[in-house]
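Thanks for passing this one along. Here are my notes, arranged so that you can follow them with the model open beside you.

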Amino acid sequence: MTAPVVQPQAQTPTYRLIERDMAASNRIQVQVTPGRATPISFTQTDEAIAYILVADPSRLVYTTDTDLKSGRATTIFLRAIQPLKFPGATTTAITNLLVQTVDKTGQKRLYNFDIILVRRNTGYVGIQIADAIDSGTVPRRTAASESSAIAGQQTLLIDKNRRARVDDIETGLIIAINRGYTNKSDPVVAKVQQILDLLRNSKVTIPEAATSVGLPVEVISELGRIALNDRLLKLGQQR
């Protein structure tokens with residue numbers, strides 16, 4: 001499935017803010033660009049980083065803002081490197097980074113990040129995990145991107161008079177596969193299915209769910225449009 005082309009805008013990249021509960025219960029994609037450091041920060045929570053594991057260290061290194069043994073580390077800095085060969089080790093195109101944290105009450109959390117190496121600059125400077133995301137920490141939603149945050153009942157504005165529901169997005173995906181617009185093995189399909197799971201099990205908006213897996217919201221909007229247009233076509237045939 002090809003995402004709609006969006007013209008780049010002259011704007012300063014910002015952090016991707018992800019709510020802590022959402023980050024801890026889902027795999028979060030992090031894009032890392034060669035020659036640049038990408039931070040993952042827990043400074044907006046009361047957590048300290050206790051343990052870090054990179055499943056495939058052959059193309060990625062990390063540092064922290066302070067020694068892990070100090071119990072005060074809150075930020076990880078990721079950097080891509082030239083591929084290394086470790087005897088007996090296995091490699092993969094997309095590795096995962098496991099981060100265990102501990103908060104002031106002693107509660108431990110385990111975060112799982114999928115690390116994707118990209119050649120282009122990303123649309124954000126890094127990831128920030130936050131206790132809660134409110135209007136003071138994220139931009140106010142516009143009418144074009146506003147959607148309900150009740151799990152399973154989220155909607156997305158498709159055009160002036162139409163909103164797509166979560167079920168519409170799933171229907172649009174099925175139609176796209178059946179019509180040959182994409183195939184089941186397309187990585188985008190897996191991302192859309194991950195978004196559907198998020199929407200049905202978490203109180204996140206559709207744009208937030210799309211952002212969390214690194215998929216442009218325009219792709220989700222197009223799937224909704226496909227489903228709505230197909231419904232209109234069937235209604236017209238019944239008359």
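Predicted model: local features only at pLDDT ≥ 70, side-chain atom pairs only at ≥ 80, totals over all residues.

1. Strand E7 (residues 95-102) and strand E8 (residues 108-117) run antiparallel and are joined by eight bridges. Another of the pairs is threonine 101 with arginine 109 in E8. E7 and E8 make a hairpin with five residues between them, and glycine 106 in the turn shows a positive phi of about 95°.

2. On its other pairing, E7 meets E4, again in the antiparallel sense, over six bridges. Taken together, the sheet is open and has four strands in the order E2-E8-E7-E4, with mixed pairing. Strand E2 (27-32) and strand E4 (48-54) are the edges; each has a single partner strand, so one side of each is left without a neighbour in the sheet. On average, neighbouring strands here are turned by 30° against each other, direction ignored.

3. Which residues of E7 make up its covered face, and which its uncovered one? Thr95, Leu97, Val99 and Thr101 form the covered face, while Asn96, Leu98, Gln100 and Val102 form the uncovered one.

4. Leucine 97 deserves a point of its own. Leaving aside neighbours within four places in sequence, leucine 97 is in contact with Ile40, Ile52, Leu53, Val54, Leu78, Tyr111, Asn112, Phe113 and Ile115. In the largest nonpolar core, which has 45 residues, Leu97 is among those that touch the most other members, along with Leu78, Phe113, Val192 and Ile220. Helix H3 (residues 187-201) gives the most to this core, with seven residues. As background, nonpolar side chains tend to be buried together in soluble globular proteins.

5. Staying with helix H3, have a look at glutamine 194, which has its place there. Not counting residues up to four places away in sequence, glutamine 194 touches Arg27 and Val213.

6. At the E5 end, five bridges join E5 to strand E6 (residues 75-80) in an antiparallel arrangement. Within E6, isoleucine 76 stands opposite threonine 64.

7. Threonine 45 lies in the loop between strand E3 (38-44) and E4. Is threonine 45 buried or exposed? Its relative accessible area is 11%, and residues under 20% count as buried, so threonine 45 is buried. A polar atom of its side chain lies 2.9 Å from the backbone oxygen of phenylalanine 42, and the side chain also reaches the backbone nitrogen of glutamate 47 at 3.1 Å. Beyond four places in sequence, threonine 45 is in contact with Arg20, Ile129, Ala130 and Asp131.

8. The other is serine 58, in the loop between E4 and strand E5 (60-64). Serine 58 counts as buried, at 3% relative accessibility. A polar contact of 2.7 Å joins its side chain to that of aspartate 56. Leaving aside neighbours within four places in sequence, serine 58 is in contact with Ile81, Gln82, Pro83, Leu84, Phe86 and Thr91.

9. Finally, the overall picture. The protein has five helices and eleven strands, and 40% of its 239 residues count as buried. Among contacts between residues at least 6 apart in sequence, 68% join residues at least 24 apart. The accessible surface comes to about 13800 Å², of which 51% belongs to carbon and sulfur atoms.

Methods. Residues numbered from 1 in each chain as written. Heavy atoms only, no water. Core = buried A, V, L, I, M, F, W, Y, C linked by side-chain atoms within 4.5 Å. Buried < 20%, exposed > 50% of the residue type's maximum accessible area, 1.4 Å probe, protein only. Helix = DSSP H or I, 4+ residues; strand = E, 2+ residues; numbered from the N terminus. Contact = heavy atoms within 4.5 Å. Pairing = 2+ DSSP bridges. Axes fitted to C-alpha atoms, helices over the stretch in contact; angles between N-to-C directions. Areas by Shrake-Rupley, 256 points an atom, 1.4 Å probe, with all protein chains shown as cover. Polar contact = N/O pair within 3.5 Å; in protein donor to acceptor, adjacent residues only side chain to side chain.
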